[in-house]
Structure formats: C-alpha cells, structure tokens
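Please consult the sequence and the structure while reading.

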Amino acid sequence: MKVPFADLRALHTPLKADLMAVFERVLENNSFVLGPEVQKFETAFASFVGVQHCVAVNSGTAALQLALEALGIGEGDEVITVANTFFATAEAVSAVGATPVFVDVDPIYYNMDSKLVERAVTSKTRAVIPVHLYGQTADMDPILEIAKKHNLYIIEDACQAHGAEYKGRKAGSMGIMGCFSFYPGKNLGALGEGGAIVCNDPTLNQKLRMLREHGSLKKYEHSFPAYNYRLEGLQGGFLAVKLPTLERDNERRREAAKIYAELLADSDVVTPAVLPGAKPVFHLYIIKSEDRDALKHYLNEQGVETGLHYPIPLHLQEAYAGLGYKKGDFPVSESLSEQILSLPMFPTITREQIEYVCSAVLEFAKCQTARV
Ligand SMILES: *Cc1c(COP(=O)(O)O)cnc(C)c1O
C-alpha cells in the first residue's frame, strides 16, 4: 500500500463543478483581482472566525507582515515569537525592520511556553506572535494576560489553525489581529497562494485594506507607500466554495487523529496531547520518536510518505545567525527538531490507510528491539 502525506485531489474532485463555475464567472466578469468573489469570501470568513473584519491578501506571510505594519511596528522594535514554527512567522517581523525575539515552546503541546514570554519582554517589545502550530491553539489566557500587563499587542499566527478553538473562541479571534494562510495544503487552502488578516477594529481594517493596495482606498489617491498584496478574484471564489466544507473536513481530521492515537497507544512513539479547553484541527499529525530518522526512512520504504515540521528551529537558521543565538538556547525546540515526524493526515484518509501506517510504525519498533 502507498499512503500519501496529503491528498488535495480527493478534496477537490467533489467540488469540481462549483470550482469550474467560479472560473467561468471570473472569466465572464473580469474580476481577476479582489472584486465581488473576494468580498463575498471576506464576509463569510469573518463570520466563520467570529470577528467583524477580514482583509484578504496574497499569502499568510503577507498577512503577518501587514498586521505588524498596521500597528506601526518597525525598526528598533522587538517582537516575541517561538523558535519552533515555520520560517515565515519570524520573516514577517524582519520584513518590517523589527527584531524577532525567540522563546522556547512547552514540551507537551509544542506551542509557546507562556512562562518564558515575560522574561523575554524588554522596553523595546511591542508585540507577541503566538503560533497555533499543527492545528492546536497556544495556551492563550496566560499569554493575553502578560500582553495586557506589559501593554503588548497579540498577533495570532493561525496559518495552521483554521477553525481551531480555545475555550470556545476561534483561532484568530483572540488577539488584536489573526493571520491566516490559504496555501493549498492548509486546512482551508486556495488553488494557489492566499492569506487573510482578521480583526474587530474598524481603523485597523481600513489600514490593512490600504496596506494591501498601494496605500490607497480610492483609485489614483495614495496616502502612503505600501504594497500590492491583493488576493486574486479566482482564489477568493475558490475559497468561498471550500469554506462550507471546512468544519466537516476538520472533524474528519479529528477522527483520523483519534484512530492514530488508539492504534499507537502502546507504541514507543509519543502521540500529540490535547491542551485542556482546546479543540485542535490537526493540520499536521505529529509523533515523537527517539529514532526519528530511521523511522522516517523505514516508513518511506513501506510506501508511507511523512514530513518534518520543522527540522531546524528558527534560532539556528542561517538567516538569523546575526541575532546571536546558539545551540542549547531553546532545548525543547531543539529536541523536537530531532524527534518529530509528521504522519499522513488529510480529511479523506481512510481507516485502512491509518492502520497501515500504524502497523508500519509498530513493526519498526519490533525490528529495533530485535536488533538490540
Ligand atoms: C504556512 C504558514 C505561514 C505562511 O503562509 P504562506 O501563505 O505560505 O505565506 C506562516 N506561518 C505558519 C505557521 C505557516 O504554517
């Protein structure tokens, strides 16, 4: 058997007629950039997250950059985020000229360790970006409390957490702004690049709309130099077709995670822990293994495609060598980078496929024991 890491075709085939209809409409009415398809999606996604405003842009990275920029964060400012995340989280901080300050993640849920945030606050700190990695929210209450105490903004990186919840609140709705990516493989993915910022503040909403389009609200009038980070009309239309299936697909991911957890309960790998009060959406299904590289190799030989999220923590990336971090600074992120393995996870994964993956994981452990 072959088990792919993800299967986008299976997700899109049942929606093909509706997706083709978007293409026909956009071809007819020439709304290639922003326009009614994007507006319709913005309204629907804001309502899905439970916020007032959604500003669609052309990537999750652009969303993070504009969120920082809308708050006036730039040169000389510090923004606290985690070492265990996708590069773009910190890259957006660098893009506005601010300095990313890393903290470690906690060893159980692999998200921002709130106990370490306060120690990283300096007089230059302006914002904190908690990342809801792998589809599970960070423990937001203590982070929000620290932010309030020190007068810091919270920008949520919800790029892997569309629909995830924390104590009944949706990912993206808890900070001053929430940032999403609609890269094709995300829980809600476009058929190309896409992203969005959500917020409740009308002034920020307006600022974000100007930032994504040349500092302009009215054609030919530019209030400040900005960017072209507009979402394409086609992508807005595709996303509006896919959004109504997101909750069902997240539920399928949770069911798949449940089967994984049951079948791997007696194995020597560590399965993901669910934060009390959180409802994860399992963008990725992460296990921890002492012998990760060999296990990955073995699974690959058995036809099981896996991933690494992420093999190099951000403080050890060449791009951030200038910040002065060294190996040993963030022990949890570093040990995760050596032990985590992402197993196949997608809404249409079958019980048989999960059983096959798990029996290969268990078989690997048996081979190892026999060797010792
Ligand atoms: C995907 C992702 C991003 C960036 O989104 P793009 O749309 O690829 O620019 C940022 N942060 C996290 C955690 C992500 O997973």
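Q: With which side chain does the side chain of Asn-187 make a polar contact, other than that of Asn-250?
A: This is a predicted model, in which local features need pLDDT of at least 70 and side-chain atom pairs count only at pLDDT 80 or more, while totals for chains, interfaces and linings use all residues. Residues are numbered from 1 along each chain as its sequence is written, and side-chain values use heavy atoms, with hydrogens and water left out. A polar contact is a pair of N or O atoms within 3.5 Å; within protein, one must be able to donate a hydrogen and the other to accept it, and residues adjacent in sequence count only if both atoms are side-chain atoms. The side chain of Asn-187 meets this criterion at 2.9 Å with the side chain of His-283.

Q: Is Asn-187 buried or exposed?
A: Asn-187 lies in the loop between strand S8 (177-181) and strand S9 (195-199), where helices (H or I, at least four residues) and strands (E, at least two) are DSSP runs numbered from the N terminus. Not counting residues up to four places away in sequence, Asn-187 touches Gln-160, His-162, Leu-246, Asn-250, Arg-253, Val-281, Phe-282 and His-283, contact meaning heavy atoms within 4.5 Å. Buried means under 20% relative accessible area, exposed over 50% and partly exposed in between (1.4 Å probe, protein chains only). Because its relative accessibility is 6%, Asn-187 counts as buried.

Q: What percentage of the area that the ligand exposes when taken alone does the protein bury?
A: The ligand is surrounded by 15 residues, the closest being Gly-60, Thr-61, Gln-160, Ser-181 and Lys-186; a residue is near if one of its heavy atoms lies within 4 Å. Ligand oxygen atoms lie 2.8 Å from a backbone N or O atom of Gly-60, 2.5 Å from a polar side-chain atom of Thr-61 and 2.6 Å from a side-chain N or O atom of Ser-181. Taken alone, the ligand exposes 380 Å² (Shrake-Rupley method, 1.4 Å probe), and the share of this that the protein buries is 92%.

Q: How far apart do the C-alpha centres of domain 1 and domain 2 lie?
A: The domain assignment, which is automatic or from a database, gives domain 1 (8-103 + 110-244) and domain 2 (246-371). Contacts link 41 residues of domain 1 with 34 residues of domain 2. The C-alpha centres of the two domains are separated by 25 Å.
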